Amino acid sequence: MDDKRRQILDQALALVDERGLAAMSMRAVAERVGLTSMALYPYVGGKDALLDGLVDLLHLELGSHVGRDPADLDWRHRLSALGRAVRALARAHPSAFPLLLNRSAAGPSASWLAAALQGILADAGVPATEVPRQARLICAFLLGYTTGEVTGGLPGSTPEMLEGAAEFDADLEDLIGMIENSAAPRVKTEQPEDVRRAGG
């Protein structure tokens, strides 16, 4: 990412963290980086493109927290680490984080989360035909749960629950169990051909 573009996006994210998403405008971001509003356009385009840039920046930050899926880590530990990193990102940027749910990922790093989940599922032994669907399901859980936490929109939650990680960790364990079930070898219930013939 171009250094000037990264500086602008960093300042836009800081502005959203401090004052909320509604406070972000091209003028407010330009003031933070010492430029005019018009001077931002070559680097980040208009406001919609700037919001897309924030989505990309959040994915970059998530990827840097998780690392590169070290091969020596069991897939279960990688999924847990990824889930906790998503939750930490939501709590670090509560005003900007809902963009990951509300805007289509468009930047160069925007597919990072989906790719990480697909790699975890493949390593777990989930059939290839099931990997995309399960990756979408897990992504929806991670982004939906954590967005609900930081916006106060998680049904049935209490302040105490949201401060702790026990509930979230228990849900991650349930996801791990689901994946293990999907990856379990299919047991053949059909009888061999010679047994069927002998039975008439």
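Arg 87 and Glu 149 form a salt bridge whose closest N and O atoms are 2.9 Å apart. A salt bridge is here a side-chain nitrogen of Lys or Arg within 4 Å of a carboxyl oxygen of Asp or Glu. This pair connects distant parts of the chain, since Arg 87 lies in helix α5 and Glu 149 in helix α8, 62 residues apart. Arg 87 and Glu 149 are both buried, a class defined by a relative accessible area under 20%, with exposed meaning over 50% and partly exposed in between (1.4 Å probe, protein chains only).

The model is predicted, so local features need pLDDT of at least 70 and side-chain atom pairs count only at pLDDT 80 or more, while totals for chains, interfaces and linings use all residues. Residues are numbered from 1 along each chain as its sequence is written, and side-chain values use heavy atoms, with hydrogens and water left out.

**Salt bridges**

The structure holds eight salt bridges. Three of them are set out below.

| Pair | Closest N and O atoms |
|---|---|
| Arg 87 and Glu 149 | 2.9 Å |
| Glu 180 and Arg 76 | 2.7 Å |

Glu 180 is partly exposed at 34% relative accessibility, and Arg 76 is partly exposed at 32%. Salt bridges with shared partners join Asp 74, Arg 76 and Glu 180 into one network.

An α-helix has 3.6 residues a turn, so residues three or four places apart point the same way. Asp 10 is partly exposed at 33% relative accessibility, and Arg 6 is partly exposed with a relative accessible area of 35%.

**Helices and helix α8**

The protein chain has eleven helices and zero strands. Helices (H or I, at least four residues) and strands (E, at least two) are DSSP runs, numbered from the N terminus.

Helix α8 covers residues 131-151, a run of 21 residues, and reaches 30 Å from its first C-alpha to its last, close to the expected 30 Å. The expected span is 1.5 Å times one less than the number of residues. The buried residues of α8 include Val 131, Ile 138, Phe 141, Tyr 145 and Glu 149. Just after α8, Gly 152 takes a positive phi of about 80 degrees.

Buried residues make up 37% of the 200 residues in the protein chain. The largest nonpolar core has 53 residues, of which Met 24 and Leu 50 touch the most other members. Helix α4 (residues 47-66) gives the most to this core, with eight residues. A nonpolar core is a set of buried Ala, Val, Leu, Ile, Met, Phe, Trp, Tyr and Cys residues joined through side-chain atoms within 4.5 Å.

Apart from its neighbours within four places in sequence, Leu 50 is in contact (heavy atoms within 4.5 Å) with Ile 8, Leu 9, Ala 12, Met 24, Met 26, Val 29 and Val 44. Among contacts in the protein chain between residues at least 6 apart in sequence, 73% join residues at least 24 apart.

The protein chain exposes about 10900 Å², and carbon and sulfur atoms supply 53% of it. Accessible areas come from the Shrake-Rupley method with a 1.4 Å probe.
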